[in-house]
Amino acid sequence: MPDTPSDDEILAFLDQELTARIPVSRADIPAFLAALKTLPPGLRSMAAVYELDVSMALDDLVWHFRNWYDRELAKETSRGLHILGATVPARLFDAAYGLVSAKWDDF
C-alpha cells in the first residue's frame, strides 16, 4: 500500500484497487459475484458490504434487500461483515435476512 496520510487517500486507493479487480457492474449480480470470489478475503469483504453501506446511508435495511435481491449476495454480505469484525451489524443483517427470506419470492 502506498504511503497515505489521510483517510480520503486510503479510500481512493481501495476504490481504485476494487475497480481494477472487479471490472463489471455491480448491477450484473452474477458477474459481480464471480469477480468477488477472486479477491483476497479483506477486499472481498469490503466489496461485498459496499452496497449495504450505501443502502444504510440512503435508504434502510428493508430497501437494501429489495434493491439487492440475490440470496448469494446476501450471504456474501453477511460473510463480509463477519470477516471485517462488524459483529453487531452482522447479527442485525443476519436477523433481517432471516425475516426477509420468508418473503423473498415476493421481491
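Throughout these legends, a residue is called buried when its relative accessible area is under 20%, exposed when that area is over 50%, and partly exposed in between (1.4 Å probe, protein chains only). The model shown is predicted, so that local features need pLDDT of at least 70 and side-chain atom pairs count only at pLDDT 80 or more, whereas totals for chains, interfaces and linings use all residues. Residues are numbered from 1 along each chain as its sequence is written, and side-chain values use heavy atoms, with hydrogens and water left out.

**View 1. The buried face of helix H2 (residues 29-36).** Helices (H or I, at least four residues) and strands (E, at least two) are DSSP runs, numbered from the N terminus. In H2, the residues Ile 29, Phe 32, Leu 33, Ala 35 and Leu 36 are buried. Seen down the helix axis, these buried residues fall within an arc of 165 degrees, so they line one face of H2; the arc is that of the directions from the helix axis to the C-beta atoms. The cover over them includes helix H1 (7-21), helix H3 (41-58) and helix H5 (71-83).

**View 2. The largest nonpolar core, with 13 residues.** A nonpolar core is a set of buried Ala, Val, Leu, Ile, Met, Phe, Trp, Tyr and Cys residues joined through side-chain atoms within 4.5 Å. The members that touch the most others in this core are Ile 22, Phe 32, Leu 36, Leu 39, Ala 47 and Leu 73. H2 and H3 are the elements that give two or more residues to the core, and H2 gives the most, with five residues. Leaving aside residues up to four places away in sequence, Ile 22 touches Phe 32, Ala 35, Leu 36, Leu 39 and Ala 47, where contact means heavy atoms within 4.5 Å.

**View 3. The aromatic cluster of Phe 65, Phe 93, Tyr 97 and Trp 104, linked by ring pairs.** Rings of Phe, Tyr and Trp (its six-membered ring) pair if their centres lie within 6.5 Å, and planes under 30 degrees apart count as stacked, over 60 as edge-to-face and the rest as tilted. By this rule the count comes to four aromatic pairs. Phe 65 and Tyr 97 form a tilted pair, 6.2 Å centre to centre with 35 degrees between the planes. Because Phe 65 lies in helix H4 (residues 61-67) and Tyr 97 in helix H6 (residues 87-101), this pair ties together parts that are 32 residues apart in sequence. Both Phe 65 and Tyr 97 are buried.

**View 4. The edge-to-face pair of Tyr 97 and Trp 104.** The two rings lie 5.6 Å apart centre to centre, with 75 degrees between the planes. Tyr 97 is buried, with a relative accessible area of 15%, and Trp 104 is also buried, with a relative accessible area of 8%.
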